[in-house]
Amino acid sequence: MKISEVAERVGLSISTIRYYEKMGMIPEEYVLRDQNNYRNYEVGIVRHLNVVKNCLEVGFSIHDVKLMVAKNEFTKAEQIEVIQAKIAEIEGAQRKLEESKQNLREVLDKNIVCEGGFGKYDEPVV
């Protein structure tokens with residue numbers, strides 16, 4: 001398949017596919033070169049790129065995906081470990097967001113305003 005066909009099937013831009021290839025997220029087994037040095041992709045690239053796309057959508061970094069691709073094979077236990085670690089990371093981020101939300105509510109409750117200068121409390125008039 002030509003890169004334009006791969007891009008259409010996977011829903012990625014051609015430049016994104018080239019970037020993923022440059023970053024080492026596409027194993028050589030999926031990329032063939034013809035006589036003109038144009039890329040031709042094996043059919044399996046579609047499934048591979050869908051997995052890459054899904055990993056990025058759920059929060060794995062490009063670096064994470066690159067490491068997973070480089071590993072080449074995962075046991076079920078390793079897959080579970082990677083997913084559980086990502087879940088723990090997301091839960092930690094959720095806790096931090098909840099703390100931030102609570103801190104902002106406390107700022108509102110304390111009636112901190114910026115009109116008299118940044119961070120000054122609005123003193124009640126006596």
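## Close-up views of a predicted chain

**View 1. The whole chain, from end to end.** Of the chain's 126 residues, 22% count as buried (under 20% relative accessible area with a 1.4 Å probe, protein chains only). This is a predicted model, in which local features need pLDDT of at least 70 and side-chain atom pairs count only at pLDDT 80 or more, while totals for chains, interfaces and linings use all residues. Residues are numbered from 1 along each chain as its sequence is written, and side-chain values use heavy atoms, with hydrogens and water left out. Five helices and four strands make up the list of elements (DSSP runs, H or I of at least four residues for helices and E of at least two for strands, numbered from the N terminus). Their order from the N terminus is α-α-β-β-α-α-α-β-β.

**View 2. Helices α1 and α2 where they meet.** The axes of α1 and α2 come within 9 Å and cross at roughly 100° (lines fitted to C-alpha atoms over the stretch in contact, with angles from 0 to 180 degrees between N-to-C directions). The two helices are therefore roughly perpendicular to each other (65 to 115 degrees). I3, S4, V6 and A7 of α1 meet I14, I17 and R18 of α2, where contact means heavy atoms within 4.5 Å. By class, this contact has five nonpolar, one polar and one charged residues (Ala, Val, Leu, Ile, Met, Phe, Trp, Tyr, Cys and Pro are nonpolar, Asp, Glu, Lys and Arg charged, and the others, Gly among them, polar).

**View 3. Helices α3 and α4 side by side.** Here α3 (residues 44–57) and α4 (residues 62–71) pack at an angle of about 140°, with axes 9 Å apart. On the α3 side, the contact is made by H48, V52, C55 and L56, and on the α4 side by I62, V65, M68 and V69. Seven of these residues are nonpolar, one is polar and none is charged.

**View 4. Inside the largest nonpolar core.** Among the 22 residues of this core, V6, I17, I26, I45, L49 and V65 touch the most other members (a core is a set of buried Ala, Val, Leu, Ile, Met, Phe, Trp, Tyr and Cys residues joined through side-chain atoms within 4.5 Å). Two or more residues come from each of α1 (3–10), α2 (14–22), α3 and α4, and α3 gives the most, with five. Look for I17, which touches I3, V6, A7, L12, I26, Y41 and L49, not counting residues up to four places away in sequence.

**View 5. The loop at N37.** N37 lies in the loop between β1 (31–33) and β2 (39–41). Its phi is near 70°, a positive value in a residue other than glycine.

Key. Buried means under 20% relative accessible area, exposed over 50%, partly exposed in between (1.4 Å probe, protein chains only). Angles under 35 degrees count as roughly parallel, over 145 as roughly antiparallel, 65 to 115 as roughly perpendicular and the rest as oblique.
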